[in-house]
Amino acid sequence: MQIQFKGLEKYDIEKLFKDVQTPCYILDEATFIKNGEILKSLQEETGAKVLLAEKAFSNFTVFPLLSQYLAGTEASGLFEARLGHEEMPGKEVHVFSAAYGDKDFKEVLKYADHIIFNSVYQLKKYGPLAKAAGKEIGLRINPECSTQEGHAIYDPCSPGSRLGVTREIFDLEMDTDTLSLLSGLHSHTLCEQDSDALEITVKAIKEKFGDILPKMKWINLGGGHHITRHDYNIPLLKKIILDLKKTYNLDVYLEPGEAVALNAGYLVTKILDIVRNSGHNIAILDMSAACHTPDVIEMPYMPPLLNSYPITNDINTSTSVVESSAVSDPSKLSVSSPVLDPSALSTSSPVNCAGPDAFTETMTDLFGDVFGDVFGDAINDIFGDDTDVSSSGSVSGNSASGNPSSTDSSSGKLSSVEHIYRLAGPSCLAGDVIGDYAFGHDLNRDELLVFGDMAIYSICKNNTFNGIPLPAIYLLKKDGTIELIKKFSYEDFKERLG
Ligand SMILES: Cc1ncc(COP(=O)(O)O)c(C=O)c1O
């Protein structure tokens, strides 16, 4: 059995990360290229333009690489607009802010090509200035079409949202002179969604603003399009774009963040200690959910972990991350965490981020073939094709640590699962927990763990709560070498405080 990240498949993990300083993010050049190629061919085949939403990923070290595939950047305000202008020179800079202030707006004019307003008031106030400066001017509309359930904080169309002008308000506040300032409409309503959700949204846009679209030069369909995910429906996306172009003679922009950097980063962390409480084995890591992966707590979600399997994050949410009914069936997977033999908690632990072979053996021993059959689909559903689960080898009946196997391979059912650890951060926050994960072996102090899909909404959201250091940032180049991009020190912590 193997669970791996596609981008790391060809590497001996232990060797690859032997010299990195933990905790650290590793940006994966090869995956950026893979994503970039998908986005580039979409643009070539449809004439649409794809921008990087910097809010998701703004490590400008790879901007020269990304600029080979993208039309430019999308910013949430002055600083990101300036970063895009400076680090992707010659490419388009678009900016949307829920509201601009006088001082920032004057500066935004220096860097942005497209300026999107969130209200008719702001359009009236700043539009003439932007027009005089030769900018393309857009208005964010709210098509009042929610395509995501139970996700209100990521749904700009949730009732009472401040994001975008509804048709009712548009009709009340818009006048002919103000409308003439506009060259485009902008709509961002999706989050990690497929093109079927976009199709529904575009239908709503046409219904609500179909009379305005012919007066426009372009439409920007925002972000949230998971275009580079393995099962994303690209043909439907192309159809939607081509239809908009044909029907309304519009240029079409997309500004995904996640799709550009999907699966293009890892977070390597070390186990500092393992403690126990009420039947839970808790590994305390040198990374913190609160500081280094805040979306784990905010969203909440459980990131994929190399050579492991996510069980639940019931500290941060009452629901399991594993949504597949096959896996959440208690007969197949028990989440009880037996306290391990104390001898397993030895401190003399060499770095043991099991490479593919070691993992093949332990997972096979532990879960047998049922793991690949039952969990493989679920893992791919959750994490996409960056994670790979396949079965190989034979069931030996014993795990690597000598604990009896919990798999009844003849019936193909799991009766229980051992080696379950709660992974948690070093901060004072009781909820600084990533979640409970199942492993094919007993964890050891000093062992390295590798989280996947860590380029997006992670580095750009870092903080130094508790004085916890910012992780270093490395680049894994496509030739397999690792280059340090940046490390942080006490001064970086202190400078922001006074
Ligand atoms: C206006 C706007 N554009 C683009 C994006 C990028 O979205 P994603 O990273 O989900 O593709 C966002 C995300 O919140 C957004 O608010």
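Student: How many bridges pair strand β6 with strand β7, and in which sense do the two strands pair?
Tutor: Keep in mind that this is a predicted model. Strands of a sheet pair through backbone hydrogen bonds, either parallel or antiparallel. Here β6 covers residues 114-117 and β7 covers residues 136-140. Their pairing has four bridges, and its sense is parallel.

Student: Which residue of β7 does I115 stand opposite?
Tutor: Look across from I115 to strand β7. The residue facing I115 there is I137.

Student: Which helix packs on the sheet by touching β6 and β7?
Tutor: Look for a helix at residues 120-132. Its direction makes about 170° with that of β6. The helix you want is α6.

Student: In what order do the eight strands close into a barrel?
Tutor: The pairing around the barrel is parallel. From one strand to the next, the twist averages 25°. The order is β3-β4-β5-β6-β7-β8-β9-β10.

Student: What angle does helix α4 make with β4?
Tutor: Helix α4, residues 78-87, packs on the sheet. It touches β4 (72-75) and β5 (92-96). The direction of α4 and that of β4 make an angle of about 170°.

Student: And how are α4 and α5 oriented to each other, roughly parallel or roughly antiparallel?
Tutor: Helix α5 is residues 102-111, and it packs against α4 at about 15°, with the axes 9 Å apart. An angle under 35 degrees counts as roughly parallel. So α4 and α5 are roughly parallel.

Student: Which residues of α5 make the contact with α4?
Tutor: First, α4 passes α5 in a left-handed crossing. On the α4 side, the contact is made by L78, A81, R82 and H85. By class, the contact has four nonpolar, one polar and three charged residues. The α5 residues are D104, E107, V108 and Y111.

Student: What about α9 and α10: are they roughly parallel or oblique?
Tutor: Find α9 at residues 195-209 and α10 at residues 234-248. Their axes come within 9 Å and cross at roughly 25°. That angle falls under the 35 degrees cut-off. The two helices are therefore roughly parallel.

Student: Which residues of α10 make that contact with α9?
Tutor: The crossing of α9 past α10 is left-handed. From α9 come S195, D196, L198, E199 and V202. Sorted by class, the contact has six nonpolar, one polar and two charged residues. The α10 residues are L236, L237, I240 and L244.

Student: α2 meets α10 too, so are those two roughly parallel or oblique?
Tutor: Helix α2 is residues 29-46, and its axis comes within 10 Å of the α10 axis, crossing at roughly 40°. Roughly parallel needs an angle under 35 degrees. So α2 and α10 are oblique.

Student: Is the crossing of α2 and α10 left-handed or right-handed?
Tutor: Find the contact, made by L42, E45 and T46 of α2 and I234, K238, I241 and L242 of α10. Those residues divide into four nonpolar, one polar and two charged. The crossing itself is right-handed.

Student: Which of the 15 residues around the ligand come nearest?
Tutor: By class, the shell around the ligand has six nonpolar, five polar and four charged residues. Coming nearest are A53, H188, G223, P256 and G257.

Student: Which residue does a cis peptide bond join to T22?
Tutor: Most residues other than glycine have a negative phi, and most peptide bonds are trans. At T22, though, the bond is cis, with omega about -5°.

Student: What is the phi of S278?
Tutor: S278 is in the loop between β11 (265-277) and β12 (280-285). It isn't a glycine, although its phi is positive. The value is about 45°.

How values were computed:
Residues are numbered from 1 along each chain as its sequence is written. This is a predicted model: local features need pLDDT of at least 70, side-chain atom pairs count only at pLDDT 80 or more; totals for chains, interfaces and linings use all residues. Axes are lines fitted to C-alpha atoms, for helices over the stretch in contact, and angles run from 0 to 180 degrees between N-to-C directions. Angles under 35 degrees count as roughly parallel, over 145 as roughly antiparallel, 65 to 115 as roughly perpendicular and the rest as oblique. A crossing is left-handed if the near helix is turned anticlockwise from the far one by less than a right angle, and right-handed if clockwise. Two residues are in contact if their C-beta atoms, placed from the backbone, lie within 7 Å. Ala, Val, Leu, Ile, Met, Phe, Trp, Tyr, Cys and Pro count as nonpolar, Asp, Glu, Lys and Arg as charged, and the others, Gly among them, as polar. A residue is near a molecule or strand if its C-beta atom, placed from the backbone, lies within 6 Å of it. Two strands pair if DSSP finds at least two bridges between them.
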